Amino acid sequence: MIVKLAEGTLKTKFGEFKEVLYYDGQKESIAFMMGEIENEEDVLCRVHSSCIFGHYFNSIECDCQEQMDISQELIQKAGKGIIILLEQEGKGNGHFALLNSVKHKREGVKQADAYQAVGFEADARNFNSAAKILKDLNVKSIRMLTGNVNKIKTLTQFGIEVSGIQDVIL
């Protein structure tokens, strides 16, 4: 299930984006778009999870905000694209898991392993809502802005055509 709740526009340093708020019965997700994407092919698409440290507190230990900025800049240059923001803090484990995993990450442990060290899944995210949103927006094919194969796998399982991949990790 995916339900469209509201729409609006937002002016950013990368131009004006249209925002569509969705609800899947448990969490809200946001589709953030520039240009015409309906019935379009090869639309740049970033599926992005929320990150309190990076987005609100400007953490230098996290590259989430940089990935968001790069994605918005690429979309601005292309004149069209979509970012789907999912409420999945801490790779879907929540902020409690993220906060508890920090000491392990600072010791050089990879983030996924740091979550497991404190008793959580390496990656508990689910990208089903993103696929449903893309279906609702009637995008023919996307060029993913990601290095995460699980995002691509989920979207293709839901019938989303991924025509290319560009990693935005610095």
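Trainee: In β5, which residue is the bridge partner of alanine 31?
Mentor: This is a predicted model: local features need pLDDT of at least 70, side-chain atom pairs count only at pLDDT 80 or more, and totals for chains, interfaces and linings use all residues. Residues are numbered from 1 along each chain as its sequence is written, and side-chain values use heavy atoms, without hydrogens and water. Strands β3 and β5 (residues 81-86) pair in the antiparallel sense over 6 bridges; pairing takes at least two DSSP bridges between two strands. In β5, alanine 31 has as its bridge partner isoleucine 84.

Trainee: How many of the 7 residues of strand β3 are buried?
Mentor: Strands are DSSP runs of E, at least two residues long, and helices are runs of H or I, at least four; both are numbered from the N terminus. Buried means under 20% relative accessible area, exposed over 50%, and partly exposed in between (1.4 Å probe, protein chains only). Strand β3 (residues 28-34) is largely enclosed by the rest of the structure, because its buried residues number 5.

Trainee: With which residue does glutamate 7 meet in a salt bridge?
Mentor: A salt bridge needs a side-chain nitrogen of Lys or Arg within 4 Å of a carboxyl oxygen of Asp or Glu. By this rule the count is 7. The N to O distance here is 3.3 Å, and the partner of glutamate 7 is lysine 18.

Trainee: How far apart in sequence are the parts tied together by lysine 80 and glutamate 40?
Mentor: The closest N and O atoms of this salt bridge are 2.7 Å apart. Lysine 80 lies in the loop between α2 and β5, glutamate 40 in the loop between β3 and β4 (43-49), so the parts tied together are apart by 40 residues.

Trainee: Is arginine 106 buried or exposed?
Mentor: Arginine 106 forms a salt bridge with glutamate 61 at 2.7 Å, N to O. Arginine 106 lies in helix α3 and glutamate 61 in the loop between α1 and α2, so the pair ties together parts 45 residues apart in sequence. With a relative accessible area of 59%, arginine 106 is exposed.

Trainee: Which residues is aspartate 69 in contact with, leaving aside its neighbours within four places in sequence?
Mentor: Aspartate 69 lies in helix α2 (residues 64-78). At 21% relative accessibility, aspartate 69 counts as partly exposed. Contact means heavy atoms within 4.5 Å. Beyond those neighbours, aspartate 69 is in contact with Lys13 and Phe14.

Trainee: What is phi of lysine 91, a residue other than glycine?
Mentor: Most residues other than glycine have a negative phi. Lysine 91 is in the loop between β5 and α3 and, at 28% relative accessibility, counts as partly exposed. Its phi is positive, near 50°.
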